[in-house]
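Have the picture open while you read.

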Amino acid sequence: MVKAVQRYETLRGHYPKEEADLITFMSSTPASREGILGGWHYVKDGMGFRLNLSLGWDPSLIYVGSKSSAHWAFDPGDGTPEKVIILTP
């Protein structure tokens, strides 16, 4: 999903306005999960975007991106703040 958003921004010069704009930029058809993006939900957020994947009743995995920065986060869904996730290969 992140790569689809990045390809869109590279070719169009701006982030998509809605999820449906990403369909043609995806490298393959999403698995048979909910939603058109295989369970991911896209939201344009100011000068950037957020990709959100529900991990159950309340928690979710989030990718927050803009032209100047990007990070993964975990939202426990219990009212506490999102926690930035640092991934190391």
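Which residues of α1 are buried? Val2, Ala4, Val5, Tyr8 and Glu9 make up that list. Keep in mind that this is a predicted model.

**The helix**

Look at the face turned away from the buried side and you'll find the exposed residues Lys3, Thr10 and Leu11. What lies over the buried residues? The cover includes β1, β2, β3 and β4.

Glu9 is one of the buried residues of α1. Its relative accessible area is 17%, and buried means under 20%, so Glu9 makes the list. Setting aside residues up to four places away in sequence, Glu9 touches His14, Tyr15 and Lys67. Just after the helix comes Gly13, with a positive phi of about 85°.

**The sheet**

Now for the strands. There are 5 of them in an open sheet, in the order β1-β2-β3-β4-β5, with antiparallel pairing. At the edges are β1 and β5 (83–85), each pairing on one side only. Neighbouring strands are turned against each other by 30° on average, direction ignored. The helix α1 packs on this sheet and touches β1, β2, β3 and β4, while its direction makes about 160° with that of β2.

| Strand pair | Sense | Bridges |
|---|---|---|
| β2 and β3 | antiparallel | 6 bridges |
| β3 and β4 | antiparallel | 6 bridges |
| β4 and β5 | antiparallel | 3 bridges |

From β3 to β4, the hairpin goes through 4 residues.

Asn52 has Ile62 in β3 as its bridge partner. Ser60 stands opposite Asp75 in β4, and Ala73 stands opposite Val84 in β5.

**A closer look at β3**

Is β3 largely enclosed or largely open? It is largely enclosed by the rest of the structure, since 5 of its 6 residues are buried. Ser60 belongs to this strand, which spans residues 60–65. With 6% relative accessibility, Ser60 counts as buried. Its contacts, leaving out residues up to four places away in sequence, are Asn52, Leu53, Ser54, Leu55, Ala73, Phe74 and Asp75.

In soluble globular proteins, nonpolar side chains tend to be buried together. In this model, the largest nonpolar core has 14 residues, and the ones touching the most other members are Val5, Leu22, Tyr42, Phe49 and Leu51. At least two residues each come from α1 (2–12), β1 (40–45) and β2 (48–54). The largest share, 4 residues, is supplied by α1.

Val5 is a handy place to start exploring. Apart from its neighbours within four places in sequence, Val5 is in contact with Tyr15, Pro16, Leu22, Tyr42, Phe49 and Leu51.

**The aromatic rings**

How many aromatic pairs does the structure hold? There are 6 of them. In one, the rings of Tyr15 and Phe49 have their centres 5.0 Å apart; their planes are at 50°, so this pair is tilted. It links distant parts of the chain: Tyr15 is in the loop between α1 and β1, Phe49 is in strand β2, and the two are 34 residues apart. Both Tyr15 and Phe49 are buried.

Phe49 has another ring partner. Tyr42 and Phe49 form a stacked pair, with 6.1 Å from centre to centre and 25° between the planes. Tyr42 is buried, at a relative accessible area of 5%, and Phe49 counts as buried at 3% relative accessibility.

Zoom out and the ring pairs join up: Tyr15, Trp40, Tyr42, Phe49, Tyr63 and Trp72 are linked into a cluster.

How values were computed:
Residues numbered from 1 in each chain as written. Predicted model: local features only at pLDDT ≥ 70, side-chain atom pairs only at ≥ 80, totals over all residues. Heavy atoms only, no water. Buried < 20%, exposed > 50% of the residue type's maximum accessible area, 1.4 Å probe, protein only. Contact = heavy atoms within 4.5 Å. Core = buried A, V, L, I, M, F, W, Y, C linked by side-chain atoms within 4.5 Å. Phe/Tyr/Trp six-rings, centres within 6.5 Å; stacked < 30°, edge-to-face > 60°. Pairing = 2+ DSSP bridges. Axes fitted to C-alpha atoms, helices over the stretch in contact; angles between N-to-C directions.
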